[in-house]
Amino acid sequence: MNALSPADLLDLFSRFLMLSLLSVGGAISTAPEMHRFLVEQHGWLDDVGFTTSIAIAQAAPGPNLLFVAVLGYQVFGLTGAAAALIGMLLPSTLVTLAISRWGHARRDTPGVRAFVHGLAPMTISLLMAAGTVVAMPLVQAPEHRIGSLALILTTVVAMLLWRVSPIWLIAAGALIGALGLV
């Protein structure tokens with residue numbers, strides 16, 4: 001955990017405020033930018049700390065957004081968790097509340113339908129970018145490369161072909177990791 005300065009905390013809060021407005025498809029879609037900000041730009045976390053924070057939060061019961069609080073906690077403790085979580089929740093919540101009623105009333109108009117259809121490929125792309133950022137530390141390590149790629153491929157196949165619940169895949173991944181097989 002790093003020493004907290006008010007400027008750093010404000011920087012973290014304002015960055016997550018901005019990311020909130022870009023988080024189409026959920027906060028995880030902005031994970032690559034979070035990684036760039038927290039790991040590459042400021043060095044507040046390393047690759048392993050970033051990936052571990054997301055994995056722990058994704059394995060925990062509750063909303064997927066928990067990883068934002070875990071990242072903030074890893075950087076600045078409880079104050080960082082609160083700053084990151086409030087920053088991520090506040091703008092998107094206000095925008096969603098303001099626009100949802102308007103969009104629902106106009107959901108059959110060509111403009112609203114085109115907007116909704118346009119969001120799907122963008123959301124998939126953002127989620128793939130987030131998955132790449134999370135997987136990259138393991139894929140780049142020679143001792144974990146083959147096992148990690150096999151686990152990623154198996155997970156994708158299981159999701160696409162058999163629609164296995166993600167919790168079972170997360171549990172299987174945790175077991176495989178705990179046994180040292182990856």
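Which residues have the most contacts inside the largest nonpolar core? Keep in mind that you're looking at a predicted model, then select Leu-12, Phe-16, Met-34, Leu-38, Phe-50, Phe-67 and Val-68: those are the ones. The core they belong to has 25 residues.

Next, colour the helices that build it. The elements giving two or more residues to this core are α1 (6-22), α2 (31-41), α3 (47-59), α4 (66-105) and α5 (110-140).

Now zoom in on Leu-38. Skip its neighbours within four places in sequence, and you'll find Leu-38 in contact with Leu-12, Phe-16, Gly-43, Trp-44, Leu-45, Phe-50, Leu-71 and Val-75.

Time for the annotations. UniProt, in an unreviewed entry, places "transmembrane region" at residues 12-31, 75-99, 119-139 and 151-179. Select 75-99: that stretch is 100% helix and 0% strand, with its end C-alpha atoms 33 Å apart. Then try 151-179, which is 86% helix and 0% strand, with end C-alpha atoms 14 Å apart.

Last stop: Ser-148, in helix α6 (residues 145-162). Is Ser-148 buried or exposed? Its relative accessible area is 5%, so Ser-148 counts as buried, the cut-off being under 20%. Show what is around Ser-148, again leaving aside neighbours within four places in sequence, and you'll see contacts with Leu-138, Val-139 and Val-182.

Notes: Residues are numbered from 1 along each chain as its sequence is written. This is a predicted model: local features need pLDDT of at least 70, side-chain atom pairs count only at pLDDT 80 or more; totals for chains, interfaces and linings use all residues. Side-chain values use heavy atoms; hydrogens and water are left out. Helices (H or I, at least four residues) and strands (E, at least two) are DSSP runs, numbered from the N terminus. Buried means under 20% relative accessible area, exposed over 50%, partly exposed in between (1.4 Å probe, protein chains only). Contact means heavy atoms within 4.5 Å. UniProt positions are given in the numbering used here, feature names are shortened, and annotations may be inferred rather than shown by experiment. A nonpolar core is a set of buried Ala, Val, Leu, Ile, Met, Phe, Trp, Tyr and Cys residues joined through side-chain atoms within 4.5 Å.
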